[in-house]
Each structure stands twice: as C-alpha cells, then as structure tokens.
Amino acid sequence: MVIKIGGAALAGGALEGLPDLLAAGHRVVIVHGGGLQLTRMLDVLDIPTRFHAGLRVTDEETMEVAENVFAGGVNKGLVRGLDDLGVLAAGISGTDGPTLFVEPVPDLGRVGKVVRVEPHLIETLWAGGFVPVVAPLGLGPEGAYNVNADSAAAALAVGLGAGYLFVLTDVDGLLEEGEPVETLAPDECETHVDSGLAAGGMVPKLRAAAEAARGGVEARILNGNRKGAIAAAIAGERVGTLISEGVAACKQ
Ligand code: ADP
Ligand code: MG
C-alpha cells in the first residue's frame, strides 16, 4: 500500500497505526508532501510563492530550496517520527534509485509529472525490512523536478501494483455540505473539480485518486488526524472518500 501524508496531517498522529499494519504483513511505502514547510522557507529567503491550478510554479531557485526542504528536513523528520514508533524506515527522494522519472509540465518551470516508476530501490528497502519514505521529487531532462506529492503517490501506487492508496490529509475526505462524499468513480472526480466543490489542494488529490483508481488501485482520501482511519478502511468501514473503478461497476 502507498500512504501519502500531507503537510497538515504530518503534525497529527496519522501514522500511529503503522506498526499494526506492518505486523499484519502489509508492505508500505510512504510519500510525503511539504508545501507548508517549503513556503515557510521561501518566505525566510524572500522568494515569492506562486501557484497555478493547485500546483506550485517552480523556478530554478525554488527548485533548489524545494529539494533541500522535501528531501532534507521534512523527509528526515518523518523518518525520525517513524523510528519513535519503532518502525524501521529509510528516507529517499524520487531521484534516488532513480525511482521516479518525470516529464516537465508545461509553463510551471521545474515541475514534473511521473511517467515511469522504477521499483528496484523500494523493493530493496522492503527486502531489508525498511519502510521507504519518499520525498516528492523526480528525475527529468534538467535534473530534479518538483512533483505534486498526491500525483507522485498515485503514480507510485500504479507503478508498484499496489492494492491501496491512502491519501491522508486534514479533512474527512471530499466534503459536500460538511459531510464526506462516500464513493466516487474515477470519471466523477473531474466533475467535482469543474463544479468548484473541490478547490485548492483537493483538486490534485481528486485527480491523483482518479489516476490511481484507473490503474486498478483502490484510492481513499482520509483524515490523517483520526486514529485508526487506515485500519477502519481496510476493514471495510465507510470512512473518508473512496475512489475506485469498482464504484462505476456497482452503479451500472
Ligand atoms: P495536504 O497537505 O494534505 O495535501 P491540502 O491543503 O493540499 O492538504 O488539501 C486539503 C485541503 O483542500 C483542505 O484542507 C481544504 O481546505 C481544501 N478543500 C477544498 N475543497 C474541498 C472539499 N470540497 N472538501 C474538502 N477539502 C477541500
Ligand atoms: Mg496538498
């Protein structure tokens, strides 16, 4: 399973259930974001932050800082947090291995979209008993590229043939009038972007979940600050927003 952990959920107890998941035999990869931490560092350095359709416009200077923040403090801090839980973990970036290969996204500078996943490093870490913790960067024609962490997690899930993608964030799923939408077929995700129900950081999440679902992965957007959310989802409880090809089949 691939677990994506967002900036807000990083501070909560999102991963406290991880030892139980590992004990149950699940092979886990964690992908993290770090947008809040990057924006904070850019502010300190007096570098302006710009977003376009939920994605960060990344010039060379921003890219350099992004690599330092994502593959540095955020990645290492998360690995230390896992160590505190008794979980053996090793932090890598998508450019290690290399694991994530990207193509540049037009007009956004050094932003990449994953076009290929090379699982060798992740499988090697698993074989050694480590949980890989992946910073959202990928290798492209000019070197390292910034990859939206939701889409990096989805691409990894499809590339690894994962059964599950859990996108942990700070809300209970795609909310409509305060309640999470329980299930979505992949084709319905874009409808909620077009209608404006999903905005900001929820847009790349829905698109990533749709991509994962089309690739045969069961994707779920969950509140990472709720203890036991992943275990509840695996047990078949209705938590968060489930995005799956199976949903379309049920409705037909
Ligand atoms: P993360 O750090 O986990 O990637 P983001 O801030 O990027 O989190 O994305 C989650 C945010 O998306 C929520 O906190 C909320 O502000 C925003 N959002 C926009 N539309 C919706 C919606 N319909 N339902 C839930 N969250 C939404
Ligand atoms: Mg986000």
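This report describes a predicted model, going from an annotated site to the nonpolar cores, the ligand and some backbone details.

## The annotated binding site

An unreviewed UniProt entry gives the annotation "binding site" to Gly-34, Gly-35, Arg-56 and Asn-146. These residues span 113 residues in sequence, yet no two of their C-alpha atoms are more than 11.7 Å apart, so they gather at one spot. Gly-34, Gly-35, Arg-56 and Asn-146 also belong to the lining of the largest pocket.

Gly-34 sits in the loop between strand E2 (29-32) and helix H3 (35-44). With a relative accessible area of 2%, Gly-34 is buried. Apart from its neighbours within four places in sequence, Gly-34 is in contact with Val-69, Phe-70 and Val-74.

## Asn-146 and its surroundings

Asn-146 belongs to strand E10 (residues 143-146) and is buried, its relative accessible area being 6%. If residues up to four places away in sequence are not counted, Asn-146 touches Arg-56, Thr-58, Met-63, Phe-70, Arg-110, Val-111, Gly-112, Pro-136 and Leu-137. With Thr-58 there is also a polar contact of 3.0 Å, made between the side chain of Asn-146 and the side chain of Thr-58.

Leu-55 is part of strand E4 (residues 55-56). Along the chain, Leu-55 and Asn-146 are 91 residues apart, and their C-alpha atoms are separated by 9.7 Å. Leu-55 counts as partly exposed, at 23% relative accessibility. Its contacts, not counting residues up to four places away in sequence, are Arg-50, Leu-108 and Asn-148.

Arg-110, which touches Asn-146, is placed in the loop between strand E6 (100-104) and strand E7 (112-117). At 11% relative accessibility, Arg-110 counts as buried. The side chains of Arg-110 and Glu-60 are joined by a polar contact of 2.9 Å. A polar atom of the Arg-110 side chain also lies 3.0 Å from the backbone oxygen of Ala-144. Leaving aside neighbours within four places in sequence, the residues in contact with Arg-110 include Thr-58, Met-63, Glu-142, Gly-143 and Tyr-145.

Lys-4 is found in strand E1 (residues 2-5) and is buried, with a relative accessible area of 5%. Its side chain makes a polar contact of 2.9 Å with the side chain of Asp-150. Leaving aside neighbours within four places in sequence, Lys-4 is in contact with Val-31, Gly-33, Ala-149, Asp-150, Ala-153, Phe-166, Val-167, Leu-168 and Lys-205.

In soluble globular proteins, nonpolar side chains tend to be buried together. Here the largest nonpolar core has 42 residues, and those with the most contacts inside it are Val-2, Leu-156, Leu-165, Leu-206 and Ile-243. Helix H8 (residues 202-214) supplies the largest share of this core, eight residues. Apart from this core lies another, of 24 residues, among them Met-1, Ile-3, Leu-18 and Leu-82.

Leaving aside its neighbours within four places in sequence, Leu-206 is in contact with Leu-174, Leu-184, Cys-189, His-192, Val-193, Ala-198 and Ile-221.

## Ligand 1

There are 17 residues around ligand 1, and those that come nearest are Thr-169, Asp-170, Leu-175, Leu-197 and Lys-205. Lys-205 is also in contact with Lys-4.

A polar backbone atom of Leu-175 is 2.9 Å from a nitrogen atom of ligand 1, and a backbone N or O atom of Ala-199 lies 3.2 Å from a nitrogen atom of the ligand. In Lys-205, an N or O atom of the side chain is 2.6 Å from an oxygen atom of ligand 1.

## Backbone details

Gly-97 and Pro-98 are joined by a cis peptide bond, with omega about -15°. Pro-98 lies in the loop between strand E5 (89-93) and E6.

Asp-107, in the loop between E6 and E7, has a phi near 70°, a positive value in a residue other than glycine. At 76% relative accessibility, Asp-107 counts as exposed. Glu-177 also has a positive phi, near 50°, and lies in the loop between strand E12 (175-176) and strand E13 (179-180). Glu-177 counts as exposed, at 80% relative accessibility.

Technical notes:
Residues are numbered from 1 along each chain as its sequence is written. Chains are lettered from A and ligands numbered from 1 in the order in which they are written. Side-chain values use heavy atoms; hydrogens and water are left out. UniProt positions are given in the numbering used here, feature names are shortened, and annotations may be inferred rather than shown by experiment. On a 1 Å grid over the protein atoms alone, a cavity is a set of points where a 1.4 Å probe fits but cannot get out, and a pocket is an open set with protein on both sides within 12 Å along at least five of seven lines; lining residues have an atom within 4 Å of a point. Helices (H or I, at least four residues) and strands (E, at least two) are DSSP runs, numbered from the N terminus. Buried means under 20% relative accessible area, exposed over 50%, partly exposed in between (1.4 Å probe, protein chains only). Contact means heavy atoms within 4.5 Å. A polar contact is a pair of N or O atoms within 3.5 Å; within protein, one must be able to donate a hydrogen and the other to accept it, and residues adjacent in sequence count only if both atoms are side-chain atoms. A nonpolar core is a set of buried Ala, Val, Leu, Ile, Met, Phe, Trp, Tyr and Cys residues joined through side-chain atoms within 4.5 Å. A residue is near a molecule or strand if one of its heavy atoms lies within 4 Å of it.
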